Amino acid sequence: MKIEKGKEIMSKVKENFAGVIFCLVIAIPAWFLGKLLPVVGGPVFAILIGIVLALFIKKTEALQPGVKYTSKKILQYAVILLGFGMNLADILAKGKQSLPIIILTISTSLIISYVLCKALHIPRKISTLVGVGSSICGGSAIAATAPVIDADDEEIAQAISVIFLFNIIAALIFPQLGAMLGLSNEGFGIFAGTAVNDTSSVTAAASAWDGIHGTGVEVLNQATIVKLTRTLAIIPITLVLAVMEMRKAKKEGTSSGATFSLKKIFPFFILFFVLASVVTTVFSLPTAVTAPLKELSKFFIVMAMGAIGFNTDIVKLVKTGGKPIFMGFCCWVGIAVVSLAMQHVLHIF
């Protein structure tokens, strides 16, 4: 029995090997390009490289098993490792001031995406990814949510592209906007941490403010804490989506006579993500341990995005991009307005 199991595992390894190595080759240059241009980020570069390679590589049969494994399983491993970068006690202790703003901005984005999904007939899965990506933490939130709702590669690429567009705009204009509005250093740190989608762009916007106003890394530290607090929303959001998906699958299974499988539907990788966060919190794991795991998590996301880009139809992506971009814009504006309004109400300005 053990021998047969071993042979099965080796067969799977051989089947996936070429595709995984291919995604690794995409990820390495994308990773370094992301380091050079953090406002763009490695995941976006990986998607672009994958899309370009797909135009030239026609015989993909040998690569597909490993590419699919990377876009699904390695993406889940990335989310699990992300948990090791989250000390729940420290984040909540430092970020509790911004918690009401975070809750309201997340709610705003999800409501806007839901309304526009119905009004404009945008596909449900793309709407969910754009809403979650806009409201929580960009690519990481999309990475965590996509397996839960069983989004395909093109839907993930679409959502990442939308988030990327408004990341760039926010990083470029938010420091100037904050100065025009007369935000304090604390106010801009909260604004950047709650209203910018992705961690790299939060860092870029906050660093730009520090550079302009000569505040060292004061605003960068504040924005990072707020952003990490916001990232915690991955846990309840994905679990709620999982319950919704399970109910939907159970209902469809009952009506069609199919068998409902909890193991197939429930995102057990999210439980491992939570467990990793709890381990980090309880044992107060030092940065020397958590930092490499966080970097590995980010690299796995880049690998997965390379796989997703390779499986993306660029023509279809462009043709269907208008409505998701409009949705992303509405979510982005809604979050920014609510963030500023809540600061005014709470007298943080």
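Of the 349 residues of the chain, 49% count as buried, where buried denotes under 20% relative accessible area, exposed over 50% and partly exposed the range in between, with a 1.4 Å probe and protein chains only. The structure is a predicted model, in which local features need pLDDT of at least 70 and side-chain atom pairs count only at pLDDT 80 or more, whereas totals for chains, interfaces and linings use all residues. Residues are numbered from 1 along each chain as its sequence is written, and side-chain values use heavy atoms, with hydrogens and water left out.

The chain contains 17 helices and zero strands, these elements being DSSP runs numbered from the N terminus (helices, H or I, at least four residues; strands, E, at least two). The radius of gyration of the chain is 20 Å, close to the 20 Å given by the globule rule for 349 residues, so the chain is as compact as a globular protein of that length; the radius is taken over C-alpha atoms, and the rule is 2.2 Å times the number of residues to the power 0.38. Along its principal axes, the C-alpha trace spans about 65 × 45 × 45 Å. Among contacts between residues at least 6 apart in sequence, 83% join residues at least 24 apart, a contact being defined by heavy atoms within 4.5 Å. The chain exposes about 16,700 Å², of which carbon and sulfur atoms supply 71%; accessible areas come from the Shrake-Rupley method with a 1.4 Å probe, and for residues only the protein chains shown count as cover.

Aromatic side chains form nine pairs in the structure, a pair requiring that the ring centres of Phe, Tyr or Trp (its six-membered ring) lie within 6.5 Å, with planes under 30 degrees apart classed as stacked, over 60 as edge-to-face and the rest as tilted. In one of these pairs, the rings of Phe22 and Phe310 have their centres 4.8 Å apart and their planes at 65 degrees, so the arrangement is edge-to-face. Because Phe22 lies in helix α1 (residues 2-36) and Phe310 in helix α15 (residues 287-310), the pair ties together parts that are 288 residues apart in sequence. Phe22 is buried at 13% relative accessibility, and Phe310 is buried with a relative accessible area of 5%.

One aromatic cluster is formed by Phe166, Phe174, Phe188, Phe191, Trp209, Phe329 and Trp332. Within this group, Phe166 lies in helix α8 (residues 153-180) and is buried, at 5% relative accessibility. When residues up to four places away in sequence are not counted, Phe166 touches Asn197, Ile325, Gly328, Phe329 and Trp332. Asn197 is located in the loop between α9 (185-195) and α10 (199-213) and counts as buried at 2% relative accessibility. With the exclusion of residues up to four places away in sequence, the residues touched by Asn197 include Gly133, Ser134, Ile163, Phe166, Lys227 and Arg230.

The model has three salt bridges, each defined by a side-chain nitrogen of Lys or Arg within 4 Å of a carboxyl oxygen of Asp or Glu. In one of them, the closest N and O atoms of Lys35 and Glu295 are 3.2 Å apart; since Lys35 lies in helix α1 and Glu295 in helix α15, the pair ties together parts that are 260 residues apart in sequence. Glu295 also forms a salt bridge with Lys298, with the closest N and O atoms 3.6 Å apart. Glu295 and Lys298 are three residues apart in helix α15 and are thus separated by about one helical turn. Lys35, Glu295 and Lys298 are accordingly linked in a network of salt bridges, in which Glu295 is partly exposed at 29% relative accessibility and Lys298 is partly exposed at 41%.

A further salt bridge joins the side chains of Arg124 and Glu245 at 2.9 Å, N to O. This pair links distant parts of the chain, with Arg124 in helix α6 (residues 124-135) and Glu245 in helix α12 (residues 234-256), 121 residues apart. Arg124 is partly exposed at 36% relative accessibility, whereas Glu245 is buried with a relative accessible area of 13%.

On the surface, Phe268, Leu271, Phe272 and Leu275 form a nonpolar patch with about 370 Å² of accessible area together. Patches consist of residues with over 30% relative accessible area and no salt bridge, like charges being joined within 9 Å and nonpolar side chains (Val, Leu, Ile, Met, Phe, Trp, Tyr) within 5 Å. Leu275 is placed in helix α14 (residues 268-282) and is partly exposed, with a relative accessible area of 47%.
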